[in-house]
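Trainee: I'd like to know how the labels in this model get decided. Can we go through some of them together?

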Amino acid sequence: MAGLGLVAPRGLAQSAAAPFDLGQLMARFAAVKSASAQFTERRYLRMLKAPLNDSGVLIYMAPDKLEKNTLQPQPETLTIDGDTLTIDSQGKSQTLSLSAYPQLGGFIEGLRATLAGDIATLQTIYATELTGSLDNWQLVLQPRDPKMQDIVRAIYIAGENNRITRVQTVERDGDRTDMTILPAGP
Amino acid sequence: MSRRSRLALVIWGCAIVLCGLVIVHTRFSADMSAFLPRSPSATQQILVDQMQTGVASRLILGAIDGAPAPTLAALSKSLAQQLRHDNTDFAAVNNGDQATAGPPPEAELFWRYRYVLSPDVTPARFTVDGLHQALEKDLGLLNSDMSSLIKERLPEDPTGEILTLLGQLADQEQPASRDGVWFSPDGQRALVVAQTQQPGFDITNEERVLAIIDTAFATAQKSIPDAGTARLRLSGPGVFAVHTKSEMKEDISRLSLIATLLVSAILLFTYRSPRILVLALVPVASGALAGIAAVSLGFGFVHGITLGFGVTLIGEAVDYAIYLFTQTAPGTSPDATLPRIWPTLQLGVLVSICGFSAMLFSSFTGFVQLGLFSITGLLVAVAVTRWVLPALLAPNFATTRSAIFAPALLVLVRRARMLRLPALLLIAGAIAILAFHRGGFWEDDLSSLSPIPASDQKLDQSLRADIGAPDVRYLIVAAAPGEQQALARSERIAAVLDGLARQGILGGYDAPTRYLPSAATQRARLDALPPPDELRARLDRALQDTPFQPDLFAPFIADVAAAKAQPLLDRATLQGTSLALKLDSLLVEQHGAWVALLSLRGVTDPARVAAAIDQAAVPGVSFVDLKTESDRLLEIYRHEALMLTLIGSVVIVALLAVSLRSPRRVALVVAPLAGAVILTTAILTLGDHKLSIFNLVGLLLTVAVGSNYCLFFERQDWRDSNAPRTVASLVLANSCTIIGFGILSFARLPVLHGIGMTVAIGAFLSLVLSAIATSPGMQR
């Protein structure tokens, strides 16, 4: 369906059927006040012969709190709440300002803004390109900030309706991280 | 005009010109440390020096508030960016905005010297096992959200020395952050910290730097919409110095003007003659000029406070002219008055000088200046009254006007006898108040001596709390004959502190060896690094069973080899970075000895820290609690002021005893003075107010100044036709003195305010009490 990559002009598409635009998609996300899901991640790094795996739980709370709770192979919690980024790892807690570390924010800000349905923030930070249909969409985010560009080339988010299924982050040096988000378990 | 008069005028004229010449070349200072005494112990001297020139003195804290947070953040960014371009004035500007600031210049230095700086560099770390553990840890980091941060430097630094070093730095508390810059926790103000290149006490430089900051802020305001309501408030030692100076200047010019106007008004009202007004001011002006010139010659500079003290001279030195003018009855000549009043005048001046002389022995440079200024001023004023004024007066000079109130005043004085019992009761009451005063008489806080207004001190404290600046209360001082020894001792103490920090007794600490380890330690760390071939062999074994690419760590082997080959890190290498500034404040050379300072943070149990330091038994090391030290300092100052006041008073009484040669007459002079001192003290401590050192000095001056009135009253022969005029002159002179000191009590600087208020009250009470004590009653 990627071949049908149409972006409908605003105001034309009224029905839930394709074609659709970012505003509509974001409106659906904005309606979600909280969500949680399990994830698995696979990192492909040039300096390693084999990929690294990890898994955990993602928790989102409207409007702007996102917690990434890695459980395997070692516990680590990354929380962004407003502009504050907190990393709890190996008994140590570090608090940083997200805007002071665009290289850290590059990965996670896109995910949060998408979940929040915050179209304004999303388009401030990234150039966006939406393809597909509401049932199967792909959103490409490319950072606008040069510092962020130094690290992140693009973030590819795929989803079905108001659910994100996959986040792929491609770094400038070619390293990439694939995150698969599973539907909430029982 | 007689030959003698002409001679007096010529000498006076030449002297005034000379004084003027000296004053023109005088340097005026506003450095408040002149009123912080020379410190008694070496440790305290280090602390005082640190306050004056250390890194702390170069800090300027800025708070931007009065607008929404995003606007404040934009202002903070723009301001900091402008200031960062100014390398000549600012050593560092920090507002939490790493995005635009980029890595600090010392980052490169840290990187290049990581193997001599990192405490983790030990032989064990570079064994096969040690390397393997480090690689496992790296994998963990790579598989986390911080992977992008550490990835770049991993091939050169797999053992993570740079992370250890940055961790040590980040150990210090960081302020809260919002919109990319530092904010107070409540989000109401954005915070900026600047460090100037020059020490804060360099007031001229500081004024310039503050102007640069203000201009930069104004520029930022113009470029950012809706930023007009925002304001920038600055704090810090240098800022205080500038404020104090401008406040002092304002106070001094305003108060001298008011005092001059008031005294002139009184004289004009009394004498109704502009000519007499000018003549009365001649001894005052001459005394002030001579006083300033004397201080300038004696010290090489004149302190602003000394000029402020000149206000009191206006009120005091004018007394002599008043005695001369008022006590010259119509039909007599001033030349005839002088011999009559001269003995009393002479004794009065002598007594005043005794009082002021006590100040010459103070360890406060500022007090010594005040003493010298007043002594010279009074001597010259009385000499001008004695020898110059008569030459300027017409032979048939007389003031009829001034005697108008005299009969009425005399009646008052005669009636004053009735007040003896009430006065005694009042004094007894005052003694009771003093005896039952609760909570001690003395101001216990060293900051009470500080010229900084309480509101400014409060702003400074809240800004420091916001920024998470360490409250430096506990320090460890390690002294040694040489730099390397001091560093070695600091390292031994640091090891003890690390243990205490692990036990939670200590939050953290800062030590000079973080920035410059001793040469021995640096060599030991380099020796822990294996030679390239050996390192490669060990690394290859450590890399087995890891997913790392085989050639990934070639840069690491090269860097280790380079670290072993490069010269050790020394002070000179650090030049030009903020680390040098930090090191300069933590490692100080003093009189050929070296002192390392370790500042402690988050001390939960000072006694255990002190015990642990004691137990380590490192020579030349002491644990310092600044609060105790400053309390002890205050104790010493107070003791000194008390001794000077007592000795001064005893000398004055002795002088009176020798001159008056009659216990009864001495009692008649001393009793009212003692009563005045007791009443003044009671008044000052009303409402649980505490006495400061400045009040104490004021009491001494009360005795020195007040004794003049007591002397004239005591010497008065009430049957003499001159009696009314004497009383009139005393009341007039006293009013002028009270105006001088009273005006001074409106000064904002504690030293001027404290002395002024005390002497104004004391001098007035001296006059009233001595009138009561010597009152002859109504019968003739």
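Mentor: Let's start with A:T70, which sits in strand β3 (residues 65-72) of chain A; helices (H or I, at least four residues) and strands (E, at least two) are DSSP runs, numbered from the N terminus. Residues are numbered from 1 along each chain as its sequence is written, while chains are lettered from A and ligands numbered from 1 in the order in which they are written. This is a predicted model, where local features need pLDDT of at least 70, side-chain atom pairs count only at pLDDT 80 or more, and totals for chains, interfaces and linings use all residues; side-chain values use heavy atoms, with hydrogens and water left out.

Trainee: Which residues is A:T70 in contact with, neighbours within four places in sequence aside?

Mentor: Contact means heavy atoms within 4.5 Å. By that rule A:T70 touches A:F39, A:D54, A:S55, A:G56, A:P75 and A:E76.

Trainee: And what does A:Y44 count as?

Mentor: A:Y44, in strand β1 (residues 34-44) of chain A, has a relative accessibility of 28%, so it counts as partly exposed. With neighbours within four places left aside, A:Y44 is in contact with A:P51, A:D175, A:R176 and A:D178. The C-alpha atoms of A:Y44 and A:T177 are 6.2 Å apart, although 133 residues separate the two in sequence.

Trainee: How do you know which parts of chain A the predictor is confident about?

Mentor: Look at pLDDT, the predictor's confidence in each residue, from 0 to 100. Chain A averages 80, with 84% of its residues scoring at least 70. Residues 1-18 of chain A fall below 50, and that stretch has 22 contacts in the model beyond near neighbours in sequence. For chain B the mean is 83, and 91% of the residues reach 70 or more. The model as a whole scores ipTM 0.80 and pTM 0.67.

Trainee: How are the two chains built?

Mentor: Chain A has four helices and eleven strands, and buried residues make up 46% of its 186 residues. Chain B has 30 helices and 13 strands, with 55% of its 780 residues buried. In chain B, 83% of the contacts with a separation of 6 or more involve residues 24 or more positions apart.

Trainee: What makes the pair B:K151 and A:E171 a salt bridge?

Mentor: A salt bridge needs a side-chain nitrogen of Lys or Arg within 4 Å of a carboxyl oxygen of Asp or Glu. Here the closest N and O atoms are 2.3 Å apart, so by the definition the pair qualifies. B:K151 lies in helix α8 (residues 147-151) of chain B and A:E171 in strand β10 (residues 163-171) of chain A, so the pair joins two chains. Both residues are buried. B:K151 also meets A:D173 in a salt bridge, at 3.1 Å, N to O. A network of salt bridges links A:R46, A:E171, A:D173, A:D175 and B:K151.

Trainee: How many salt bridges does the rule find across the interface of chain A and chain B?

Mentor: Three. A search of the whole structure, over all chains, gives 28.

Trainee: What about B:D65 and B:R231?

Mentor: Their side chains meet in a salt bridge at 3.0 Å, N to O. That links distant parts of the chain, as B:D65 is in strand β2 (residues 59-65) and B:R231 in strand β7 (residues 231-235) of chain B, 166 residues apart. B:D65 has 10% relative accessibility, so it counts as buried, whereas B:R231 is partly exposed because its value is 44%.

Trainee: How much area do chain A and chain B bury between them?

Mentor: About 2400 Å², with 55% of it on carbon and sulfur atoms. Buried area is the accessible area (1.4 Å probe) that two parts lose on being put together, summed over both. In chain A, the residues losing the most area to chain B are A:R43, A:M47 and A:K49, together 25% of what that side buries. As for contacts, 30 residues of chain A touch 27 residues of chain B.

Notes. Buried means under 20% relative accessible area, exposed over 50%, partly exposed in between (1.4 Å probe, protein chains only).
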